[in-house]
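Student: I am new to this structure and would like to go through it by question and answer. Please show it first.

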Amino acid sequence: SPGAPLPRAVPGEVGELVGGLEHLEALLAAAAGSRAVVLKFKREGCPACNSTVAPLQSAAEAYEGRVDFFTVDYSRLKAFCRKCAIKVVPCAHIYVGGQLADTLPLGPSAWSDFTARLKEVAGEPDGILLSAEIAATKSAADSRRGAGFDAWL
């Protein structure tokens, strides 16, 4: 509803960005350079997007207090996604010090690149990160059902 406060980061959880640019700016200001912010761009019904839900949650838990994690639903925030130049989902933006530091694909085959970049900007995780193999196993099952590809927008 108009004027309602925008959701804040909850350490150890993956939140949802609902207010577009205004919400992102508030999240980056709240992080105040002390935490990185990760946005996962996704679309409902995208098997590759769904395959990274559990690994992203494990990353949120492993980087609790050091990285804030949010999803962005392309179907709900198309204008915002276009401003962010999103061409394919799933993908991630990593913000450090309030600035976009990297844009990465985020499907199962790219998961290890994402976690390596996360380690570069936020250090070693405090917990266990689900491996690319777990994400890939899920994607392979989806692929056998005929829907294991990233979604082009």
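Student: In which helix do Trp111 and Phe114 lie?

Tutor: This is a predicted model, in which local features need pLDDT of at least 70 and side-chain atom pairs count only at pLDDT 80 or more, while totals for chains, interfaces and linings use all residues. Residues are numbered from 1 along each chain as its sequence is written, and side-chain values use heavy atoms, with hydrogens and water left out. Helices (H or I, at least four residues) and strands (E, at least two) are DSSP runs numbered from the N terminus. Trp111 and Phe114 are three residues apart, about one turn of the helix, and both lie in helix 5 (residues 111-122).

Student: Is Trp111 buried or exposed?

Tutor: Buried means under 20% relative accessible area, exposed over 50%, and partly exposed in between (1.4 Å probe, protein chains only). Phe114 has 0% relative accessibility and therefore counts as buried. Trp111 has 1% relative accessibility, so Trp111 is buried.

Student: How many aromatic pairs are there?

Tutor: Rings of Phe, Tyr and Trp (its six-membered ring) pair if their centres lie within 6.5 Å; planes under 30 degrees apart count as stacked, over 60 as edge-to-face and the rest as tilted. By this rule, the count is two aromatic pairs.

Student: Why is the pair of Phe41 and Phe80 classed as it is?

Tutor: The ring centres of Phe41 and Phe80 are 6.3 Å apart. This pair links distant parts of the chain, 39 residues apart, with Phe41 in strand 2 (residues 36-42) and Phe80 in helix 4. Both Phe41 and Phe80 are buried. The planes of Phe41 and Phe80 are at 25°, so the pair is stacked.

Student: What class does the pair of Trp111 and Phe114 have?

Tutor: The ring centres of Trp111 and Phe114 are 5.0 Å apart. Their planes are at 45°, so the pair of Trp111 and Phe114 is tilted.

Student: Which residue does the side chain of Ser51 reach?

Tutor: Ser51 is in helix 2 (residues 47-51), and Ser51 is buried because the relative accessible area is 4%. A polar contact is a pair of N or O atoms within 3.5 Å; within protein, one must be able to donate a hydrogen and the other to accept it, and residues adjacent in sequence count only if both atoms are side-chain atoms. At 2.7 Å, the side chain of Ser51 reaches the backbone oxygen of Ala48.

Student: How many disulfides are there?

Tutor: A disulfide is a pair of cysteine sulfur atoms within 2.5 Å. Cys46 is buried at a relative accessible area of 0%, and Cys49 is buried at 1% relative accessibility. By the sulfur rule, the number of disulfides is zero.

Student: Which residue in strand 6 is the bridge partner of Val96?

Tutor: Two strands pair if DSSP finds at least two bridges between them. Strand 5 and strand 6 (residues 99-105) run antiparallel and are joined by six bridges. They form a hairpin with two residues between them, and Gly97 in the turn has a positive phi of about 60°. In strand 6, the partner of Val96 is Gln99.

Student: Which peptide bond is cis?

Tutor: Pro90 lies in the loop between strand 4 (88-89) and strand 5 (91-96). With omega near 0°, the cis bond runs from Val89 to Pro90.
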